[in-house]
Amino acid sequence: MRKSRKNTATRQVIHIVGEGLTELFYFSHLKKILGYRYSISPRLFENNSIEKIEKKIKELLDEDVFVICVFDADVSRRSDAENKKMVSLKKKYENNSNVILCDSLQSIEYWFLLHFEDTCRYFRDSTATERALKQYLPTYDRTRKYLEKDKWVKEMLTGSKMDKACELAEKYKGRDSYSEIYKAIKKVSESL
């Protein structure tokens with residue numbers, strides 16, 4: 001008697017690699033609250049350099065994992081060397097169908113701000129972006145103590161704020177302030 005094999009499509013694993021604690025907690029909270037399916041390696045979110053991020057992308061691709069990479073682009077504005085590395089990283093993976101690079105300028109806080117405000121104005125630095133965000137999330141703080149609680153992420157998910165943020169981010173790509181995190185949200189939403 002032959003065993004019949006169920007024809008189940010194998011789901012590609014999605015792994016999120018990022019730059020800092022804010023990104024780590026944001027994506028961890030999204031995963032729990034919305035039931036997104038992806039892996040996160042907390043140790044990969046501790047002030048990663050472009051080199052460390054690139055090394056991890058290579059390792060994950062070798063394991064046939066879909067990689068979403070989240071980082072702030074403001075670092076590249078402060079240093080020519082860092083900017084060259086970031087441009088090189090973007091060029092290297094721009095046509096790779098298994099990698100999505102999601103940078104934000106000045107910082108991920110701009111992505112958060114889009115949940116509350118339609119803006120693409122120039123922010124001098126991440127502190128200026130954070131100040132604008134605090135109009136909507138007054139207690140927002142980049143400390144572990146604040147970030148590890150999910151209240152701030154839940155606040156951004158009320159109503160259709162995330163849909164609005166995705167639309168605005170797509171509309172403003174390539175501007176003085178931008179965030180490509182909407183690409184990550186689209187990808188992980190598809191995997192539900």
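Reader: Is Glu-109 buried or exposed?
Author: The model is a predicted one, and in it Glu-109 lies in helix 5, which covers residues 108–113. Since a residue under 20% relative accessible area counts as buried, and Glu-109 has a relative accessible area of 0%, the class for Glu-109 is buried.

Reader: With which side chain does the side chain of Glu-109 make a polar contact?
Author: Leaving aside neighbours within four places in sequence, Glu-109 is in contact with Thr-22, Thr-129, Glu-130, Leu-133, Tyr-140 and Arg-142. A side-chain to side-chain polar contact, at 2.5 Å, joins Glu-109 to Tyr-140.

Reader: How far apart in space are Glu-23 and Asp-72, C-alpha to C-alpha?
Author: Glu-23 belongs to helix 1 (residues 21–34) and counts as buried, at 3% relative accessibility. Beyond its neighbours within four places in sequence, Glu-23 is in contact with Phe-45, Val-70, Asp-72 and Ile-108. Glu-23 and Asp-72 are 49 residues apart in sequence, and their C-alpha to C-alpha separation is 9.5 Å.

Reader: Is helix 9 oblique or roughly parallel to helix 10?
Author: The axes of helix 9 (residues 161–171) and helix 10 (residues 181–190) come within 8 Å and cross at roughly 130 degrees. That angle therefore makes the relation of helix 9 to helix 10 oblique.

Reader: How many charged residues does the contact of helix 9 with helix 10 have?
Author: Helix 9 contributes Met-162, Cys-166, Ala-169 and Glu-170, while helix 10 contributes Tyr-182, Ile-185 and Lys-186. By class, the contact has five nonpolar residues and no polar ones, and the number of charged residues is two.

Conventions. Residues are numbered from 1 along each chain as its sequence is written. This is a predicted model: local features need pLDDT of at least 70, side-chain atom pairs count only at pLDDT 80 or more; totals for chains, interfaces and linings use all residues. Side-chain values use heavy atoms; hydrogens and water are left out. Axes are lines fitted to C-alpha atoms, for helices over the stretch in contact, and angles run from 0 to 180 degrees between N-to-C directions. Helices (H or I, at least four residues) and strands (E, at least two) are DSSP runs, numbered from the N terminus. Angles under 35 degrees count as roughly parallel, over 145 as roughly antiparallel, 65 to 115 as roughly perpendicular and the rest as oblique. Contact means heavy atoms within 4.5 Å. Ala, Val, Leu, Ile, Met, Phe, Trp, Tyr, Cys and Pro count as nonpolar, Asp, Glu, Lys and Arg as charged, and the others, Gly among them, as polar. Buried means under 20% relative accessible area, exposed over 50%, partly exposed in between (1.4 Å probe, protein chains only). A polar contact is a pair of N or O atoms within 3.5 Å; within protein, one must be able to donate a hydrogen and the other to accept it, and residues adjacent in sequence count only if both atoms are side-chain atoms.
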